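The tour goes from one selection to the next and says what is found at each stop.

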Amino acid sequence: MKKFLCLLLCMVMALGVFSACGNTEPAPEAEKPAEAPAEDAAAPEEAGTREYTDDTGRTLTIPAEIKKVAVSGPLTQIYAYPVCYDILAGFSKSFSGDAAKFIPEKYLSYPELGQLYGGKGTMDLEALLAADPDVVIDMGEAKKNIVEDLDGLTEQTGIPFIHIDATVQTTPEAFRKLGELVGKENRAEVLAKWCEECYADIEAMMERVDANGKRKSLVYCLGDKGLNVLAEGSFHAETLNMMAKNVAEIADVVSSGMGNEVDMEQLILWNPEVIIFAPDSIYDSLKDSSYADAAAWGELDAVKNGEFYKTPFGPYGWLASPPSVQRYLGMLWLGQLLYPEYVDYDLKEEVTEYYRLFYGYDMTDEVYEELTACAFK
């Protein structure tokens with residue numbers, strides 16, 4: 001049925017005949033994210049379909065064996081890559097520049113399929129149909145109209161669109177659901193356990209911090225002027241709220257990853273102890289004495305005291321962009337930055353382990369220093 005619907009849609013859209021896209025051959029052993037288990041035992045070939053109920057409560061008919069998946073956007077891509085790297089039909093957005101070094105070269109040729117929510121792009125249905133995935137997976141926060149959106153796309157393309165809830169706290173369970181969906185339970189379990197242990201360590205640390213009244217005030221600034229903030233209560237601010245007192249208390253919290261726009265007067269009123277800048281915001285400008293707005297920013301105690309930092313990035317930001325599992329790195333970093341006397345882990349070791357498990361990447365001292373160059377004084 002899916003093949004028929006895809007062909008019908010292609011004819012209606014006058015798209016012609018699609019050529020096959022993407023490299024979906026299994027990766028060589030050395031390129032596989034995660035150490036052990038190296039691979040799940042191959043399930044016997046199984047024809048037919050099965051019923052699957054996703055986290056929106058929708059029950060869909062999907063193939064009994066999932067051989068190829070697509071993702072709804074960059075957030076899902078971060079979750080899906082370490083589990084499904086060898087069965088991805090394509091990337092939401094291709095890797096380039098410094099981000100590409102964390103991904104094995106053979107996967108960089110995967111087609112770009114676009115994204116459903118957020119960002120400047122939309123999902124490329126022509127490319128999606130050409131890639132011919134068994135399912136399209138959406139992970140993260142359930143958007144307001146998600147049932148209507150995913151039902152509409154499922155009907156339009158003939159490809160089941162599936163949502164899995166994933167917050168910072170529920171990330172381990174999200175990995176387990178993903179592993180069960182695609183038949184890679186063992187691989188997903190390795191990642192789930194790492195996340196569980198990390199989250200438990202951070203929770204225990206923050207209990208000690210709060211018991212001693214040491215929680216620091218903080219604001220996360222982004223945008224080309226640094227005047228957008230991730231407000232308390234925002235999905236994108238989950239890790240910030242866990243690790244510090246997020247002073248950006250705003251009545252009407254926007255759901256966009258660009259946060260709420262404020263003015264300098266508001267920042268001065270909040271006057272946080274620490275400012276965290278997004279990777280592509282104005283941190284570098286504040287280090288330049290000729291920056292036009294340097295005097296205004298200099299009114300803030302965090303700037304006066306040199307307590308402003310840039311979020312590490314590679315191949316995604318560590319704190320909020322997108323708000324996915326990579327935020328676990330952000331929690332570890334903020335713990336070391338804000339409360340070093342309470343930390344009982346080695347940040348470099350944890351970061352190295354994360355990149356090994358989630359990207360199959362061997363972290364060098366040089367790359368670690370590059371990643372954290374603006375993350376500490």
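## Stop one: a loop residue and its contacts

Contact here means heavy atoms within 4.5 Å. This is a predicted model, in which local features need pLDDT of at least 70 and side-chain atom pairs count only at pLDDT 80 or more, while totals for chains, interfaces and linings use all residues. Residues are numbered from 1 along each chain as its sequence is written, and side-chain values use heavy atoms, with hydrogens and water left out.

V253 sits in the loop between β8 (245-246) and β9 (260-261). Helices (H or I, at least four residues) and strands (E, at least two) are DSSP runs, numbered from the N terminus. Now pick the C-alpha atoms of V253 and G233: they are separated by 7.2 Å, although the two residues are 20 residues apart along the chain. V253 has a relative accessibility of 29% and counts as partly exposed. The scale is as follows: buried means under 20% relative accessible area, exposed over 50%, and partly exposed in between (1.4 Å probe, protein chains only).

## Stop two: two helix pairs

Two packed helices are described by the angle between their axes and the distance between the axes. Axes are lines fitted to C-alpha atoms, for helices over the stretch in contact, and angles run from 0 to 180 degrees between N-to-C directions.

Select helix α6 (residues 185-211) and helix α12 (residues 327-338). Their axes are 11 Å apart, and the helices pack at an angle of about 30°. α6 and α12 are therefore roughly parallel to each other. Angles under 35 degrees count as roughly parallel, over 145 as roughly antiparallel, 65 to 115 as roughly perpendicular and the rest as oblique.

Which residues in α6 meet α12? Show W194, C195, C198, Y199, I202 and M205 in α6; they meet Y328, M331, L332 and G335 in α12. By class, this contact of α6 with α12 has nine nonpolar residues, one polar and no charged. In this scheme Ala, Val, Leu, Ile, Met, Phe, Trp, Tyr, Cys and Pro count as nonpolar, Asp, Glu, Lys and Arg as charged, and the others, Gly among them, as polar.

The axes of α2 and α6 come within 9 Å and cross at roughly 130°. α2 and α6 are therefore oblique to each other. On the α2 side, P82, V83 and C84 meet R187, A188 and L191 in α6. The residues of this contact of α2 with α6 divide into five nonpolar, no polar and one charged.

## Stop three: salt bridges

How many salt bridges does a search of the whole structure find? The search finds 17. A salt bridge is a side-chain nitrogen of Lys or Arg within 4 Å of a carboxyl oxygen of Asp or Glu.

Select K177 and D55, which form a salt bridge with the closest N and O atoms 3.0 Å apart. K177 lies in helix α5 (residues 171-182) and D55 in the loop between β1 (49-53) and β2 (59-63), so the pair ties together parts that are 122 residues apart in sequence. K177 is partly exposed, at 27% relative accessible area, and D55 is partly exposed, also at 27%.

Next, show E238 and R327, whose side chains meet in a salt bridge (2.7 Å, N to O). E238 is in helix α7 (residues 238-243) and R327 in helix α12, so this pair links distant parts of the chain, 89 residues apart. Is R327 buried or exposed? R327 is buried, with a relative accessible area of 0%, while E238 is partly exposed at 23%.

Then select D301 and K304, a salt bridge with the closest N and O atoms 4.0 Å apart. Both residues lie in helix α11 (residues 301-304), three residues apart, about one turn of the helix. D301 counts as partly exposed at 33% relative accessibility, and K304 is exposed at 54% relative accessible area.

Finally, select D54, R58 and D151, which are linked in a network of salt bridges.

## Stop four: backbone details

Go to G314 and P315. A cis peptide bond joins them, with omega about -10°. P315 is in the loop between β11 (308-310) and α12.

Select D132, which has a positive phi of about 55° although it is not a glycine. D132 lies in the loop between α3 (125-131) and β4 (135-140).

End at N271, in the loop between α8 (264-270) and β10 (274-277). N271 has a positive phi of about 45° and is not a glycine.
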